[in-house]
Amino acid sequence: MDDDTRRGARSAVALLVAALAGPVPVLAQGEQPSPVRFTEVQARSVARSVTLPGTVESTSASRVASEVDGVVEQLAAQEGEAVAAGAPLVRLRTTNLELRLRAAQGQLKEAAARLDLAQRNLERARELFDSGVISRRDFDDAFSDQTAWQGRVDALDAEIERIRVDLARCTIRAPFRGVVVLERTEVGQWVGVGDAVMDVAALDWLEVRVDVPETYFSGLRAGATASVSFESLPGLTVEGRVTTIVPRAAAEARTFPIKVRVPNRELRIGVGMLARVDLPLGRKDEALLVPKDAIVRQGERQFVYKIKGDDTIASVDVTVGRGVGAWVVVEGPLKSGERVVTRGNERLQPGQAVAGRPLEYELP
């Protein structure tokens with residue numbers, strides 16, 4: 001066998017071995033596989049759910065009113081401003097009350113001096129009456145005078161306290177931590193007792209009201225976890241809890257109102273927004289779960305990166321369902337035990353070679 005024949009035979013054998021070994025990741029010279037973390041797809045029994053529309057409501061909303069008459073001197077908070085509990089909202093002019101306070105304090109000083117004199121006169125009258133120098137009537141007059149001035153001092157003390165309370169009420173304060181959603185007065189406007197000055201809504205926690213058809217009513221459970229997304233906030237999904245189930249259906253629609261409480265610590269969610277609520281209904285079905293970190297979103301598309309047997313990746317389109325703790329239900333061409341990328345998936349491309357290490361999540 002000549003040299004050309006031997007070289008041809010060796011090439012044929014090499015090609016055959018490569019074909020039997022399967023595809024080999026192609027890397028540019030000097031390029032290393034991208035380091036990623038992966039988690040295996042899990043098959044679990046998950047409560048059946050239904051997705052329904054809802055409307056965001058505030059857990060607490062207050063139309064804050066004035067407790068005293070007065071002219072608005074300052075708006076201490078503006079629409080859209082977050083305020084702490086007890087923070088000033090509106091300040092009323094206090095000039096008249098301050099003048100009344102000074103007058104009442106002056107009257108109190110006079111009444112206190114008169115009371116002091118009346119007490120001394122009463123003590124002398126008691127000594128003279130006990131000695132038989134004055135009559136019972138003279139003693140009663142001294143006692144009556146002292147009692148009258150004591151009453152005057154007490155009345156003025158109460159008046160001064162009332163004025164001080166009204167002075168404090170001239171600063172109208174937020175009843176709870178929230179956001180000013182509406183100003184109802186302006187600087188220079190006269191407000192009377194009971195007139196609204198601002199609307200404040202609590203936004204740290206919100207409620208999503210959902211009208212549930214009677215078909216699903218029997219599967220509802222108070223305290224159940226629900227996944228909530230918002231039409232105007234793509235990509236944002238929060239975990240809420242069913243807090244209220246009203247067991248009375250609307251007569252025409254035959255729907256039962258429920259409320260799902262959701263956190264809003266970053267104040268991204270606004271009152272009145274439209275929401276989509278994924279409600280668990282009690283009965284459990286088999287489902288595939290992946291960690292929420294595995295979901296990649298590009299516009300309307302949602303997919304995961306699956307690590308194939310040759311340590312390259314492929315994108316797999318999935319339909320995302322309800323959340324279960326750190327996991328989420330998915331539908332798509334995946335199998336239990338397959339590896340999906342949960343860290344480092346933001347920089348990958350299909351076909352890219354990776355070096356993966358497992359990352360464990362607490363199972364639901």
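Visitor: Leaving aside its neighbours within four places in sequence, which residues is Leu92 in contact with?

Guide: Bear in mind that this is a predicted model. Leu92 is in contact with Ser66, Val68, Gly70, Val71, Val72, Glu73, Cys170, Ile172 and Val191, leaving aside its neighbours within four places in sequence.

Visitor: And which residues of the largest nonpolar core touch the most other members?

Guide: Val83, Leu89, Val90 and Leu92 do, in a core of 31 residues. At least two residues each come from β4, β6, α2 (95-130), α3 (136-169) and β10. The largest share is that of α2, with 6 residues.

Visitor: What lies apart from that core?

Guide: Another core, of 28 residues, including Ala226, Val238, Ala275 and Leu281.

Visitor: New topic. How many bridges join β4 to β6?

Guide: There are 3, and the two strands run antiparallel. Gln74 stands opposite Arg91 in β6. Strand β4 (residues 70-75) also pairs with β9 (residues 190-191), in the antiparallel sense over 2 bridges. There, Gly70 stands opposite Val191.

Visitor: What is the order of the strands in the open sheet of 4 strands?

Guide: The order is β3-β10-β8-β5, with antiparallel pairing.

Visitor: Why is one side of β3 and of β5 left without a neighbour in the sheet?

Guide: Because β3 (61-65) and β5 (82-83) stand at the edges, each has a single partner strand.

Visitor: How do β8 and β10 pair?

Guide: Strand β8 (residues 178-183) pairs with β10 (residues 196-201) over 4 bridges, in the antiparallel sense. Val179 stands opposite Ala201 in β10.

Notes. Residues numbered from 1 in each chain as written. Predicted model: local features only at pLDDT ≥ 70, side-chain atom pairs only at ≥ 80, totals over all residues. Heavy atoms only, no water. Pairing = 2+ DSSP bridges. Core = buried A, V, L, I, M, F, W, Y, C linked by side-chain atoms within 4.5 Å. Buried < 20%, exposed > 50% of the residue type's maximum accessible area, 1.4 Å probe, protein only. Contact = heavy atoms within 4.5 Å.
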